[in-house]
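Reader: I would like to learn how to read a protein model. Can we go through one together?
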Amino acid sequence: MNTPRVLAIHDISGIGRCSLTVALPVLSAAGIECAVLPTAVLSTHTGEFEGYTFRDLTEDVLPIAQHWKSLNLKFDAIYTGYLGSFEQIELIKEVITLLADDDTLIVVDPVMADEGELYPGFTLDYPDQMRSLCALADVLVPNLTEAALLLGRDYDSSPDTDAVKDLLAALCSDIGAGSAVLTGVSLAPDSLGAAARDSKLSSTTYAGAARAEGMYHGSGDLFCSALVAGLLNGCSLEESTKLAVDFTSASIQRTYAAGAETRYGLLFEAGLAHFSAQFNTLY
């Protein structure tokens, strides 16, 4: 039995379920080895917390990758998330060139914005730089805001079916991604989910779930980690998107029902056993 190995390139926060503290358990539960390349270490994530500590690890990124190259390590996928600077974007492009081969799946989550605005700390020219990394993606996973910024378009918080198809097609044709998954898509008032364009099939599919009120930190990281888990277990892009929507939605509903403080992230842990069981037939 060959265990797939994914390289997750994210920051890591000691408190607050996001980035690597989400990717590690979710990918592991799916029977995947999750190697990590942390880009920064924080005491907490930066949303709704003040006074957090931050240690930048930019200088360590390339030496770590070069050591792995010397060990002839193979990665079945490379999955990138939040990158805090232009320099890190360029370094991760170099890491992908160094460690990926023709069979390595490249998944890029261009974490930089939501609700129509860039995250604090990002300048207006950041999306231009991010495009060059997105062009390397076999699967690109932006939310609606990030897609608009990457394409230089106005943000539409509730695009209709035709607009969603157009965004997905442009992410592939204009940016250069192989396939694309667009999150935050709502085709009905009480539903929220994602749409996917599989360029190999030239098809667009949708997956939705019941909408819950509120803002949930780390939901994008949870979604993308579950998506990667599905893809590395042989699921199609459509199947992986539905799996990721269902797992993320269940975690949001659990968090909402518990009245949990959302800045600490989604209560996904209780759903890991069920998530893992969906892949048991593959081993």
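**Reading the model**

Author: Asparagine 72 is exposed, with a relative accessible area of 69%. Exposed means over 50% relative accessible area, buried under 20%, and partly exposed in between, with a 1.4 Å probe and protein chains only. This is a predicted model, in which local features need pLDDT of at least 70 and side-chain atom pairs count only at pLDDT 80 or more, while totals for chains, interfaces and linings use all residues. Residues are numbered from 1 along each chain as its sequence is written, and side-chain values use heavy atoms, with hydrogens and water left out.

Reader: Where is asparagine 72 found?

Author: Helices (H or I, at least four residues) and strands (E, at least two) are DSSP runs, numbered from the N terminus. Asparagine 72 sits in the loop between α2 (58-70) and β4 (77-80). Its phi is near 60 degrees, a positive value in a residue other than glycine. Glutamate 48, in the loop between β2 and β3, is not a glycine either and has a positive phi of about 70 degrees.

Reader: Is histidine 45 buried or exposed?

Author: Histidine 45 counts as buried because its relative accessibility is 7%. This residue lies in the loop between β2 (33-44) and β3 (54-56).

Reader: Which residues is histidine 45 in contact with, leaving aside neighbours within four places in sequence?

Author: Contact means heavy atoms within 4.5 Å. With those neighbours left aside, histidine 45 is in contact with Ser13, Ile15, Gly16, Cys18, Tyr52, His217 and Arg263. The side chain of histidine 45 also reaches the backbone nitrogen of glycine 47 at 2.9 Å.

Reader: At what angle do the axes of helix α4 and helix α5 cross?

Author: Axes are lines fitted to C-alpha atoms, for helices over the stretch in contact, and angles run from 0 to 180 degrees between N-to-C directions. The axes of α4 (residues 126-134) and α5 (residues 144-151) cross at roughly 95 degrees and come within 9 Å. Therefore α4 is roughly perpendicular to α5, a term for angles of 65 to 115 degrees; under 35 counts as roughly parallel, over 145 as roughly antiparallel and the rest as oblique.

Reader: Which residues in α4 meet α5?

Author: Pro127, Met130, Arg131 and Cys134 in α4 meet Leu149, Leu150 and Leu151 in α5.

Reader: Which residues touch the most other members of the largest nonpolar core?

Author: A nonpolar core is a set of buried Ala, Val, Leu, Ile, Met, Phe, Trp, Tyr and Cys residues joined through side-chain atoms within 4.5 Å. The largest one has 44 residues, and Leu7 and Leu140 touch the most other members. Another core, of 43 residues, lies apart from it and includes Phe223 and Phe275.

Terms used. A polar contact is a pair of N or O atoms within 3.5 Å; within protein, one must be able to donate a hydrogen and the other to accept it, and residues adjacent in sequence count only if both atoms are side-chain atoms.
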